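Could you walk me through this structure in plain words? I'd like to follow it step by step, in running text.

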Amino acid sequence: MRAPRLIASTVALLLALSGIALAAPADSLSGKAPPAKNTCLDCHRRAEEARISGPTVHWAQDIHAVRGLGCVACHGGDPTDSDLSAMDPDKGFRGKPERDQIAELCAKCHADAAYMKRFNPRPYVFSMAEFRTSVHCKKISEGDKKVATCTNCHGVHGILPPKDPSSPVFHRNVPLTCSKCHNAEYMKGRKVPTNQFALYRKSVHGIALLDHDDASAPACNDCHGNHGAVPPNTRDITLVCANCHGREGELFMASKVKAAFDKMGMRGCVTCHSNHDVERPTDAMLSTGPGGVCSGCHAPGSAGERGARTIIDGFTHLKASIANADSLLKLAEYRGMETTEAREAWRASQDRLVAVRAAIHSFDTQTVGAVVAEGDEFATKARGAGLSALRDWRNRRIGMGLSLLVILATIGLLIVKIRGIESR
Amino acid sequence: VSGPLSEWLRDRLGLDDLQHLADKKQVPIHRHSFWYYWGGMTLFLFGIQVCTGILLLLYYRASSDEAYESVRFIMTQVSFGWLIRSIHSWSANLMIGAAMVHMFSAFLMKAYRRPREVTWLSGMVLLGLSLAFGFSGYLLPWNQLAFFATKVGTDITGAVPVIGPFMLRFLRGGDHITGATLTRFFGFHVAILPAIATMILGVHLYLVQRHGMSVPPGIEDRGTQPPPMKFVPNFLLRDMVGWLAALGALALLAALLPWELGLKADPYVPAPAGIKPEWYFGWMFQTLRMLPSHILGLEGELIGIIGIGLAGGVWLLVPFLDDPRGRGPRGRFWSGLGVVAIIYITLFTLLVYRGGKP
């Protein structure tokens, strides 16, 4: 009895999968109220074939189920009917959507701000228009079956909200999720780079996000977008980097170097810092010699090289001043001297050093020079306070020595006096 | 000194009476006479505290916004401010140390016997006041260490049965340590405690003058004694040698180990690791720390506080519990108990600094 029923169910499902209608409005997709019954689960759970029972395994954790939506919301049909007739197309049954229809199906609800507000007062509203700008969507439209759509990144029948650390689109999991397709094997035969994940993994961003769980570090989608994922072909790559590195971006956009880069067709930030394998910028990059980024463009003796040298000299001088002040203060602190105020000046000089590192992106000797001078003023103040503390320390020792001599002499006189009195 | 002015002063101030007192005052000489210097030493260090405290008051500002900055100003901008603050802090510790030596020597020499019971009681009150001076003064620089040490200290006060919760709020000026606590502690430190201490000190010195120095029972039993020493000038000059030595020690400590200021108190950061009270509270802190969390169904801390309170009470009342002559088995029992107390306090104080754990 059980086998014929199973065969009948399977046949009916396969038949249903072939006929999909996507004209249903968002309200009918979701159902105005959660269905009282969900007979789909009753049958699918019992099915022996994994393809049929699979969707039920993680369904209870799916955010849609948690929010009270049933299978009917996406697949249509009659969830109150416990027979195969539940999957009658006349009852709105749509079965499994085709790949090129999935985004449209999801958009029925997710692009409807009013509907999404029922679940979250500040909902993320999906934009089909944005998705259409993505390479993914364009390829799908061209009939490419190996391109990602909603379910490839978010999963299906067990979809977790993006804030859930187990979700494949949780910030930290995004690089790995992207790399499931963007790898040499999957992309075989396509003219798409496939080493991004390997490069990103050892970059400053990858290390921060994946090794140090630094949520402020960017994942793939922070530069490429997510639903509109494309190579960052904004007007300028600098605009992408400037989303996080605001000050550097602002200064660079206004710099002469930016104009020169544009003329030469060079790609802003990436020229010096690279993109997927961007490394932690070090001060060693500031050099007109080997290992520095300046020498890549500026020939020795050129005006650019002289300007770069001026900037580098100012930066190196400030670093040395700060290090010198620090060593003096450390010695004073080791000797027990109070250096709180001096340390405040020293910390201000450190802040200016960070500001100089940003100001360098202006490639303007005056802009950098002004911040260097400011930092140098604080470093000099801290150094002066350190020297003063060490001078005080020496003076205190001399004072202590002298006062001890006076005290010892007085003690000696007192002893003589006592002996004098008692010998009488 | 003679002359019309001297005569005038002698007449108006009754200097002859003082001269008579000074001539009359004598100090017994025996092998334990060394311990007689410690009362004078404590008094000298108290004088240093008063002088340096008044100087610090010229610049100190008692509010949570300004206290730390004003102490930093004293240490970095005021001429010799670092010296005054360092001496005040070091001298406070030396004074409590000297007071403890004085108290234990008086205990072991049984100087509390009749008729000196009230001298002992007033001395014990003075020691308690010294600890209160130390506790209240420790918070005044409003630095991290002081903030959390005061929190731990007042928390312990809060665990005292019946009056604990009231005492906690009374000391803190609320439920938490805030600027109100600082203002309150400042008031205790510079007004209330000095006023009480001056009165009790007056009583203590009067009683010392009235009853003279006590001779330990063991020395009394020997019969003939060496002739006593005149207080003025012989003993006083020796006292001064000790005071000068203490002054030299303070100069050394202030110059070589200046009292540090640390970081400004911030109630929102975690307590620094290894927070511990000032050394003179160490043995009590360590006792409470080593007790199990529950003893016979009662909280270990509560038992500890009650135990320390009872021990303090017994210690205070020892003049009335010991043999009136300090002799016999009862006398020996109390002497033995004194030795045990010294060993216990020394050991548990050291354990705090060795990071002793249960």
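A:Asp213 counts as exposed, because its relative accessibility is 51% and the cut-off for exposed is over 50%. Keep in mind that we're looking at a predicted model here. The side chain of A:Asp213 meets that of A:Arg172 in a salt bridge, with N and O 2.4 Å apart. What sort of places do the two partners come from? The pair links distant parts of the chain, 41 residues apart: A:Arg172 sits in the loop between helix H11 and helix H12 of chain A, while A:Asp213 sits in the loop between helix H14 and helix H15. A:Arg172 has a relative accessibility of 30%, so this residue counts as partly exposed.

Why would such side chains pair up at all? Side chains of opposite charge can do so when their charged atoms come close. Over all chains, the count comes to 31 salt bridges, so let's look at a few others.

Start with A:Glu305 and A:Arg309, whose side chains form a salt bridge at 3.0 Å, N to O. This time both partners lie in one helix, H20 of chain A, four residues apart, or about one turn of the helix. A:Glu305 is buried, at 9% relative accessibility, whereas A:Arg309 is partly exposed, at 39%. Chain A also holds a network of salt bridges that links A:Asp326, A:Lys330, A:Glu333 and A:Arg343.

Now hop over to chain B, where B:Arg113 and B:Glu220 form a salt bridge with their closest N and O atoms 3.5 Å apart. B:Arg113 is in the loop between helix H5 and helix H6 of chain B, and B:Glu220 is in helix H10, so the pair ties together parts that are 107 residues apart in sequence. B:Arg113 counts as buried, at 9% relative accessibility; B:Glu220, with a relative accessible area of 37%, is partly exposed.

What does chain B look like as a whole? Its secondary structure comes to 15 helices and four strands. Of its 358 residues, 44% are buried. Take its contacts with a separation of 6 or more: 77% of them are between residues 24 or more positions apart. Chain B exposes about 18,700 Å², with carbon and sulfur atoms supplying 70% of that.

Finally, how do the two chains meet? In all, 20 residues of chain A are in contact with 23 residues of chain B. The area buried between the chains is about 2,000 Å², and carbon and sulfur atoms give 70% of it. A:Glu338, A:Arg396 and A:Leu414 supply 29% of the area that chain A buries against chain B, more than any other three residues.

Salt bridges turn up here too: there are three between chain A and chain B. In one, A:Glu422 pairs with B:Arg238, their closest N and O atoms being 2.6 Å apart. Helices H21 and H22 of chain A each supply at least two residues of the side that touches chain B. The largest share of that side, 14 residues, comes from H22 of chain A. By type, the residues on this side of chain A divide into eight nonpolar, four polar and eight charged.

Key:
Residues numbered from 1 in each chain as written. Chains lettered and ligands numbered in written order. Predicted model: local features only at pLDDT ≥ 70, side-chain atom pairs only at ≥ 80, totals over all residues. Heavy atoms only, no water. Buried < 20%, exposed > 50% of the residue type's maximum accessible area, 1.4 Å probe, protein only. Contact = heavy atoms within 4.5 Å. Areas by Shrake-Rupley, 256 points an atom, 1.4 Å probe, with all protein chains shown as cover. Buried area = accessible area lost by both parts, 1.4 Å probe. Salt bridge = Lys/Arg side-chain N within 4 Å of Asp/Glu carboxyl O. Nonpolar A, V, L, I, M, F, W, Y, C, P; charged D, E, K, R; others polar.
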